Amino acid sequence: MSTIAPSSTRTAPAVTWDVDDGIATVVLDLKSQPVNVISRAVKDEFLACFAALGDDARVRAVAFFSGKADNFIAGADIEEFVKLGSAAEAERLAADGQEMLEGVARFPKPIAVGIHGACLGGGFEFALACHYRVATDHPKTQIGLPEVQLGILPAAGGCQRLPRLVGARAGLDMILAGKTERAAKAFRLGMVDELVPPAILAEITLAAARRMAGGWRPRRKRPGGFVGFLLDGNPLGRRLVFRMARKQVLERTAGNYPAPPAALEAVAYGLRHGMAEGLRREAQLFGQLAVTDVSRKLVQIFFATNQLKKDPGVANAPPAVRVHRLGIIGSGFMGSGIAGTAVAQAEVDVRMKDADLGRVAQGTLAARAILDDRLKRRRITKYEYARLVALLSGSDTYAGFGRAELTIEAVFEDLAVKQEVLREVAQVLPQDGVFASNTSTIPITRIAEAAHDPERVIGMHFFSPVAKMPLLEVIPGARTSPQTISTAVAFGRRLGKTVIVVQDSPGFWVNRILAPYPNEVGHLLAEGASIEDIDSMAVRFGFPVGQVTLLDEVGLDVAVKVAGVMQEAYGDHIIPAPGSGLAALVKAGRLGRKSGRGFYIYKGGKKRGVDESVYGLLGVHPNGGPRPAEILQRLLLGMVNEAARALGEGVVRNPRDGDIGAIFGFGFPPFRGGPLRYADDLGAERVVADLERLAERHGVRFTPCEVLQEHARQGTKFYS
Ligand code: T1G
């Protein structure tokens, strides 16, 4: 086995190789890290290795593999590029990476690469520079260029090589959304040449290297056939493709994310002016993006979610109980959503229960719909679909709940009903079975009063729709045991959720910091603001939808319920606007999207315009109201103030959890980093001054909380 002396910081070399019968087998295994990444040091080892192989007359071809069990290469080392001090330095880093891969692409001996596990960013760009790609047909094998999700673009040739391999449209579809694909789809798109079971990856890759050593070269058919030729294959067609892509990108990013338009520019420029010019433009654009605040914020979110992935949720956490069977009580919208997600993500046995078999059947169908959707989008095979569907069962009794390590209730939002369910199921739950409530407003400690052993009662607050919303709030009650916490957190993570542990106080974290937001909508409408103005300001700030639209999505009846709990708990500063407010709409049967009418009209599942008659029902008149800038300030600073106040009370353990909760819970714009990072960017002094000005004009609901005042006094930040 040959190696290159590793850099001073590492003892073991990352790149090793052997030569056998003319084929050099190269293995990358960064022993110091759980995943392979391409750092400067690894790049140096690559360069030295390929130089040695180039000079080695025994070598006629190369087969490249990762030495990691489930990871190929996770890309360039993100830790390195966040330390970049200038656009020029970043551009240099990209150009160096391009140069290395140009060396691979032009290597005088053919290189076949065997891919198993995550092959992302610079890792896939390396594979694209190689001459033949074999990938394993395995769930762990994810292939793509996710760079725009970090606020940058693929800068080691990805914007040039991928569109040339799979066509401009398919390449842009991957790059502009930062998609990663399962190996089967990557094969269908032409991103890899062969799809094999993991057991024969080495054999097939070596065979390909031998074939190429003998002069064989892969003949890849033109991607996309005739349409591909019409649109991807000529400048006129491509001009149309780029124009449409530019339109979609601007619609999706609302101009808040510079990376996708820049990536489009890098792809278009390269296809117009050739590979070399394309690479130069790519490096230049990467340099500009890598030092932006947007990229820094998105990278902070990447590392924050990674830290949360490893956080058991409680200090000195006892090992979590592994859940093999999940019990679900209440097969309505939330219950069936949890059931379907549990089968699809965690592949556990799910037993549903509801008052009658009719409801159970409906719930089972709704849960199965999550699997249907994955089958339709080819995320699972027919065989996997059949196997997963078989994991779902239901009944109108608690039969089967005796083997459920975890049971989650999602019944009607009422304390007495939930306590009754707890008493019933407690009679059949296994010795160390955990009971979790999906309540969004009722204190867990209150629910647990109905339990013989409240240590095993916890809150698991999912967001709707469960299969799509990434956040899970885990809420320990006053007597919940550490093992119950670690069990709930671990299971939440198996569902693919980002889990934050929050305090058992009204509204928990997400509904708590959201509370001032809909409340302020009431005040703004009463002062003559229009629904359009309120929603458009929020979207321009970066929210996926406006607050009024969000109320219609959540359901006005649910919003009234949550608002009631918030006003009761925090009446000193959550002060509703005069008049009947949302209750009048609910009384008129307007529940939002689910009833076809709320603030907006919904037809055929689509949102139509504002329902003007809603103003009459609310007793308000949209006659101009506050200036747009003030609308936004009042919506945002109310939330920032509540987030700071709740953090001060320990509702979340740290600002990281708070910001991740806001971003994943209700779409606080990721490029702003979350309400607490946003407050840091504004500066506590300015936030306090703005709040004091608003309090003078609009009342105590804007009185800056003590936490913010202290930061303003000390000149400190939430993130030190
Ligand atoms: N750089 C640095 N550290 C990384 C890393 C990376 N690219 N990827 C993962 N890590 C760390 C991570 O922080 C964690 O650290 C540990 O590895 C295990 O990760 C030129 C410039 C690969 C799917 O965006 O999506 O290439 O917490 O817990 O759940 O165009 O990590 O243990 O200290 O997430 O199995 C583009 C990012 C880079 C992929 C594995 N690449 N990584 O998930 O493990 S930009 C990405 C992931 C680029 C080029 C550009 C996931 C994963 P710690 P983990 P996992």
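Predicted model: local features only at pLDDT ≥ 70, side-chain atom pairs only at ≥ 80, totals over all residues.
Local features were required to have pLDDT of at least 70 and side-chain atom pairs pLDDT 80 or more, whereas totals for chains, interfaces and linings use all residues. Residues are numbered from 1 along each chain as its sequence is written, and side-chain values use heavy atoms, with hydrogens and water left out.

Helices (H or I, at least four residues) and strands (E, at least two) are DSSP runs numbered from the N terminus. Two strands are taken to pair if DSSP finds at least two bridges between them. Strands of a sheet pair through backbone hydrogen bonds, either parallel or antiparallel.

An open sheet of four strands has the order S5-S7-S9-S10 and mixed pairing. Strand S5 (71-73) and strand S10 (180-182) are its edge strands, each pairing on one side only. From one strand to the next, the twist averages 20 degrees. Within this order, strand S7 (residues 118-120) and strand S9 (residues 142-144) run parallel and are joined by two bridges. Cys119 stands opposite Ile143 in S9.

Strand S6 (residues 111-115) runs parallel to S8 and is joined to S8 by four bridges; Gly114 has Val134 of S8 as its bridge partner. S8 also pairs in the parallel sense with strand S11 (residues 194-196), over three bridges. In that pairing, Ala135 stands opposite Leu195 in S11.

In a regular strand the side chains alternate between the two faces of the sheet. S20 runs antiparallel to strand S21 (residues 606-610), and three bridges join the two. Lys603 stands opposite Lys606 in S21. The two strands form a hairpin with two residues between them, and Gly604 in the turn has a positive phi of about 55 degrees.

Two packed helices are described by the angle between their axes and the distance between the axes. Axes here are lines fitted to C-alpha atoms, for helices over the stretch in contact, and angles run from 0 to 180 degrees between N-to-C directions. The axes of helix H6 (residues 168-177) and helix H11 (residues 259-273) come within 10 Å and cross at roughly 155 degrees. H6 is therefore roughly antiparallel to H11, given that angles under 35 degrees count as roughly parallel, over 145 as roughly antiparallel, 65 to 115 as roughly perpendicular and the rest as oblique. The contact (heavy atoms within 4.5 Å) involves Ala168, Leu172, Ile175 and Leu176 of H6 and Pro260, Ala263, Leu264, Val267 and Leu271 of H11. These residues divide into nine nonpolar, no polar and no charged. Ala, Val, Leu, Ile, Met, Phe, Trp, Tyr, Cys and Pro count as nonpolar, Asp, Glu, Lys and Arg as charged, and the others, Gly among them, as polar.

Helix H29 (residues 675-682) is mostly covered, with seven of its eight residues buried. The buried residues are Pro675, Leu676, Arg677, Tyr678, Ala679, Asp680 and Leu682. They pack against helix H13 (293-310), helix H20 (510-514), helix H22 (531-541), helix H27 (628-648), helix H28 (655-666) and helix H30 (684-698). The axes of H27 and H29 come within 9 Å and cross at roughly 110 degrees, and the two helices are therefore roughly perpendicular to each other. Leu636, Leu637, Val640, Ala643, Ala644 and Leu647 of H27 meet Pro675, Leu676, Tyr678, Ala679 and Leu682 of H29 in this contact, which comprises eleven nonpolar, no polar and no charged residues. Just after H29, Gly683 takes a positive phi of about 95 degrees.

Ile660 lies in helix H28 and is buried, with a relative accessible area of 2%. Residues up to four places away in sequence aside, Ile660 touches Ile301, Ala304, Thr305, Leu308, Leu471, Thr498 and Gly665.

How values were computed: Buried < 20%, exposed > 50% of the residue type's maximum accessible area, 1.4 Å probe, protein only.
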